[in-house]
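This briefing covers one protein structure for a reader new to it.

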Amino acid sequence: MTTASSSVSSGRVTGKVAFVTGAGRGIGRATAIMLAQHGAKVAVADRDADVAQEVVDTIESMGGAAALAVVDVADEDGVRQVIGEVVDRWNRIDVLVNCAGLAGIQKPIHEVTTAEYDRVMDVNVRGIFHTTKYAIPAMTNGGSVINFSSIYGLVGGASAESPYSVYQASKGAVLGMSRGDAMMYASQGIRVNSICPGFIDTPMVAGFLERTGDAAAARTAAAALHPLGDLGEPDDIAYGVLYLASDESKFVTGTALVIDGGMTAA
Ligand SMILES: NC(=O)c1ccc[n+]([C@@H]2O[C@H](COP(=O)([O-])OP(=O)(O)OC[C@H]3O[C@@H](n4cnc5c(N)ncnc54)[C@H](O)[C@@H]3O)[C@@H](O)[C@H]2O)c1
């Protein structure tokens, strides 16, 4: 299996400035580290300062450039402030990765409270609105925006495996916003794409499996949904982000990159 190296190389995104949300854990963490390994300066944005600092330290120990950005993406003023600090430090933003997301509540919609609905939407959709709003003016040399949707933005899943329709609604909204922004900003050389992961082995999915009451059985069942036979790893998704962040994807905008072990083709 191919794995990421642990040092900075002359890379595929050398010289680019990347702002990665949800960068403290899971897919966002893997993405921040991989972008740094390939030469990007990376703002590590997460609402959890401790895990974000660990990622900054990891990147710096590899010889990479990282900045700490502690922020809840649902907080517009906080997002404006941390993006301003990154621009003050590195002059512009080239790559925005909107990875922060909440799985939220795992119950049928008739039991969901308005407050629970609002929190999922505030992070998964409005958070992307906030970061995009303040990063776009800083993309003075073109750019790439990569928004995290999910296979559950594309399909409902069988009832037993389906997570929860509020999450699904939020991930469908991400696809729509991404396509609209792709059209809006194409003339400025700013590309906007979505990523739709299958089940990836992260703290979010670990929590999902544990809440079923039998995590081992749930993991086996989740793995079986993927024709390739297992959950994905965070790096499986980070490689896709790296491609969309790099100039290798200069003709790609308004698309959704599905990385799901074949799940939605089954
Ligand atoms: N793991 C999967 O199987 C999977 C599948 C499809 C889509 N996704 C999407 O990929 C993204 C990353 O998922 P993951 O599994 O790595 O999640 P995770 O829960 O393992 O990590 C998410 C990180 O985002 C941070 N975060 C959460 N809310 C935030 C907020 N409001 N502001 C700032 N930071 C915040 C958390 O502190 C955490 O460090 C999410 O958008 C998720 O919906 C994940």
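Strand E1 (residues 17–21) is mostly covered, with five of its five residues buried; buried means under 20% relative accessible area, exposed over 50% and partly exposed in between, with a 1.4 Å probe and protein chains only. The model is predicted, so local features need pLDDT of at least 70 and side-chain atom pairs count only at pLDDT 80 or more, while totals for chains, interfaces and linings use all residues. Residues are numbered from 1 along each chain as its sequence is written, and side-chain values use heavy atoms, with hydrogens and water left out.

**Strand pairing**

- Helices (H or I, at least four residues) and strands (E, at least two) are DSSP runs, numbered from the N terminus.
- In a regular strand the side chains alternate between the two faces of the sheet.
- Val-17, Phe-19 and Thr-21 point one way from E1, Ala-18 and Val-20 point the other way, and all are buried.
- E1 pairs with E2 in the parallel sense over five bridges; two strands pair if DSSP finds at least two bridges between them.
- Ala-18 has Val-42 of E2 opposite.
- From E1 the chain crosses through H1 to E2 in a right-handed β-α-β crossover, which means that, with the strands pointing away from the viewer, the path from the first strand over the helix to the second runs clockwise.
- E1 also runs parallel to strand E4 (residues 95–98), joined by four bridges.
- Asn-98 in E4 is the bridge partner of Thr-21.

- The largest pocket has a volume of about 870 Å³.
- Of its 40 lining residues, Cys-99, Gly-101, Leu-102, Ala-103 and Met-204 are the closest to the centre.
- On a 1 Å grid over the protein atoms alone, a pocket is an open set of points where a 1.4 Å probe fits, with protein on both sides within 12 Å along at least five of seven lines; lining residues have an atom within 4 Å of a point.
- Helix H6 gives the most to the lining of the largest pocket, with five residues.
- That lining has 22 nonpolar, ten polar and eight charged residues.
- The second largest pocket has a volume of about 260 Å³.
- Its lining has 16 residues, and Asp-230, Leu-231, Gly-232, Glu-233 and Asp-236 lie nearest its centre.
- By class, the lining of the second largest pocket has six nonpolar, four polar and six charged residues.

**Aromatic pairs**

- There are four aromatic pairs; rings of Phe, Tyr and Trp (its six-membered ring) pair if their centres lie within 6.5 Å, and planes under 30 degrees apart count as stacked, over 60 as edge-to-face and the rest as tilted.
- Tyr-164 and Phe-208 form an edge-to-face pair, because their ring centres are 6.5 Å apart and their planes are at 70°.
- Tyr-164 lies in the loop between strand E5 (143–148) and H5 and Phe-208 in helix H6, so the pair ties together parts that are 44 residues apart in sequence.
- Tyr-164 is buried at 6% relative accessible area, and Phe-208 is buried at 13%.
- Phe-199 and Phe-208 form a tilted pair, because their ring centres are 5.8 Å apart and their planes are at 55°.
- Phe-199 counts as buried at 8% relative accessibility.
- One aromatic cluster is formed by Tyr-152, Tyr-164, Tyr-167, Phe-199 and Phe-208.

Terms used
Grid points are joined across faces, edges and corners, and a volume is the space filled by probe spheres set on the points. Ala, Val, Leu, Ile, Met, Phe, Trp, Tyr, Cys and Pro count as nonpolar, Asp, Glu, Lys and Arg as charged, and the others, Gly among them, as polar.
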